[in-house]
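Welcome! Please take a moment with the sequence and the 3D view below, and then let us walk through the fold together.

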Amino acid sequence: MNAALIRRLDSRAPDFLATLDALLAFESGTDSQIENAVTDILAAVRTLGDPAVIDYTRRFDRLDVNHMSALELPRHVLEDALATLPEAQRAALEVAAGRVEAYHRRQIAESWDYTEADGTRLGQIVTPLDRVGLYVPGGRASYPSSVLMNAIPAKVAGVGELIMVVPTPDGERNPLVLAAAAITGVDRVFTIGGAQAVAALAYGTQTIPQVDKIVGPGNAYVASAKRRVFGTVGIDMVAGPSEVLVISDGSGNPDWVAMDLFAQAEHDDLAQSILLCTDAAFIDAVAASIAKLLPEMPRRQTIATSLANRGALIHVRDLDEACAIANRIAPEHLELSMENAEDWIGKIRHAGAIFVGHWSVEALGDYCAGPNHVLPTMRSARFSSPLGVYDFQKRTSLIQVSEAGAQTLGPIAATLADGEGLQAHAASARYRVKA
C-alpha cells in the first residue's frame, strides 16, 4: 500500500472541520432486502415458535435438525470444551475472566432509602433482571471475549438466567466460545443465530423462554432484528463500526502507533482509525510505518480499505486543540499516546474508553484489562456509557408517605393537579388531607 492512500489533514486548513465532519459521518442506513427478510423472520418466529427457528436454522446454517433439543448444548459439552483447551488458552481465558469480574464487581449498585422528619420514607430499590439473552457470533467469526464482556457483568448483577445463542454454520463450533460460556456460568446455550435467534429470545418459543434484555454483537440481520424488538425487550445498543483515535505528541514509536491503527482497521472496511499529532515529522514516520508494516498483515486488504476510506493522519496545533477535536469526535477508543498522558485525562469529556500512556494499548482493553469492551460508537459516547453491571440492574422508586407527610404533600399535589386539569388526581390527593 502506498502511504498516501491514508488521507493527511491539517487543522489549520480553513475547511478542516467540514472535512472532519464528513469523514466522521456514518449512516448505518437500512438495506430494504435485509429489513424485509428480518420482518418476515420475526413474524414467523413470533407466530410459530420452534418450527420457524428450526426451519431457518436448517436453511441458513445448513444443520440437519428436526427438534429444538438438537440445538441446545448440554452442560457437559461446555465443560468438555473448557477441559480440552490447550493450557495456554485456558489460562488466558481464566485470567481475563477474573480481571473482568473484579472490575465489574465495583459497579454493583445498592438499594437505598431515607426517612424524613415527618416519617415519610423515600428510596430506590435495585434489582437484577430476571432473564437475559446473549447473542454471540459463531462459526469462524467467533469472539470468546464477547462472552466474557457480556456474561460476566450480567452474572455479577445477579441476573437469574442467562441464555446464550450462537450459530454453528455447518456444525462448526468454536471451543473457545463454549469454554468461555462454561467459565462465566451461562445457564443455557442454543446453537441458533441470525434474526431468528433474536426473535426467539424476544418473543419466546415453546422451548426458549422470553428474555428481558438482549445483548451482544451480530451482523446486519441481527442488528436490524434488535432494533425492531426493542420495546418488547431491552437491548444493549445498536453498535456501529469500531473506532480508535490516537492523540500523540510525537514522543512514541511510530510502528506502535501504526499497529494500533491497524488493530481497529482490521475489523472491517468501515472501521475508523485516526491519529491526531502535534509533530509533522512524527506523522511522516507513522505514514512510513504504515507502508512498511501493512504487507505483513494477514488482513491487509481490509486494513487498507478501512484506512483509505475512513482513516486519517491529522496535524494539529497543540494538545489542547487535539483534545477539543477528540471531544468533537467522541471516539469509542481513545489512546493518549504521549508523555505525561495522565495530565490530559481531565481534558477529555467524550470517549468510550481512555487508554493512558504509551503502554496502554487498546488491544489489552479488548481482552483482559478488566473494563468492558462493549463501548459506544458513532459519537454516542457524548451521551452513553460502556456496557456494565448497571445495564443488568433496574431501579424501582420507593415511596412510603406517613400520615403527617400526606398533610403536607397532599395540598401541593392537589394544587399542581388542578393546574393541569386533572381533577381526579387532585381529589385523590385531597382525600388523604384531614379536614
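## A central strand and its neighbours

Val 246 stands opposite Glu 335 in strand S13, and its bridge partner in S11 is Leu 275. Before going on, please note that this is a predicted model, in which local features need pLDDT of at least 70, side-chain atom pairs count only at pLDDT 80 or more, and totals for chains, interfaces and linings use all residues. Residues are numbered from 1 along each chain as its sequence is written, and side-chain values use heavy atoms, with hydrogens and water left out.

Helices (H or I, at least four residues) and strands (E, at least two) are DSSP runs, numbered from the N terminus. Both faces of S10 are covered: Glu 243, Leu 245 and Ile 247 lie on one side, and Val 244, Val 246 and Ser 248 on the other.

S10 runs parallel to strand S11 (residues 272–277), joined to it by 6 bridges, and also parallel to S13 (residues 333–337), with 5 bridges. Two strands count as paired if DSSP finds at least two bridges between them. In S11, Leu 276 is the residue that stands opposite Ile 247. From S10 the chain passes through helix H10 (residues 254–265) to S11, and this β-α-β crossover is right-handed (with the strands pointing away from the viewer, the path from the first strand over the helix to the second runs clockwise).

Contact means heavy atoms within 4.5 Å.

## Helix H13

Is helix H13 mostly covered or mostly uncovered? H13 (residues 319–329) is mostly covered, with 8 of its 11 residues buried. Among them are Leu 319, Cys 323, Ile 325 and Ile 329, along with Glu 321 and Asn 327. The buried residues of H13 pack against helix H1 (16–24), S10, S11 and S13.

Both ends of H13 have a local detail to look for. At its start, a side-chain oxygen of Asp 318 reaches to within 3.2 Å of the backbone nitrogen of Asp 320. Just after H13, Ala 330 takes a positive phi of about 50°.

## Helix H9 and Ser 224

Helix H9 (residues 220–229) contains Ser 224, which is buried with a relative accessible area of 1%. The side chain of Ser 224 makes a polar contact with the side chain of Glu 35 (2.9 Å). A polar contact is a pair of N or O atoms within 3.5 Å; within protein, one must be able to donate a hydrogen and the other to accept it, and residues adjacent in sequence count only if both atoms are side-chain atoms. Not counting residues up to four places away in sequence, Ser 224 touches Ile 34, Glu 35 and Val 38.

Other buried residues of H9 include Val 222, Ala 225 and Val 229. The buried residues of H9 pack against helix H2 (32–48), S5, helix H8 (194–203), strand S8 (213–215) and strand S9 (234–235). Just after H9, Gly 231 takes a positive phi of about 110°.

In soluble globular proteins, nonpolar side chains tend to be buried together. The largest nonpolar core here has 40 residues, and those with the most contacts inside it are Leu 134, Val 147, Met 164, Val 189 and Phe 392. Such a core is a set of buried Ala, Val, Leu, Ile, Met, Phe, Trp, Tyr and Cys residues joined through side-chain atoms within 4.5 Å. Its largest share, 8 residues, comes from H6. A second, separate core of 34 residues includes Ile 34, Tyr 56, Val 65 and Val 222.

Note on methods
Buried < 20%, exposed > 50% of the residue type's maximum accessible area, 1.4 Å probe, protein only.
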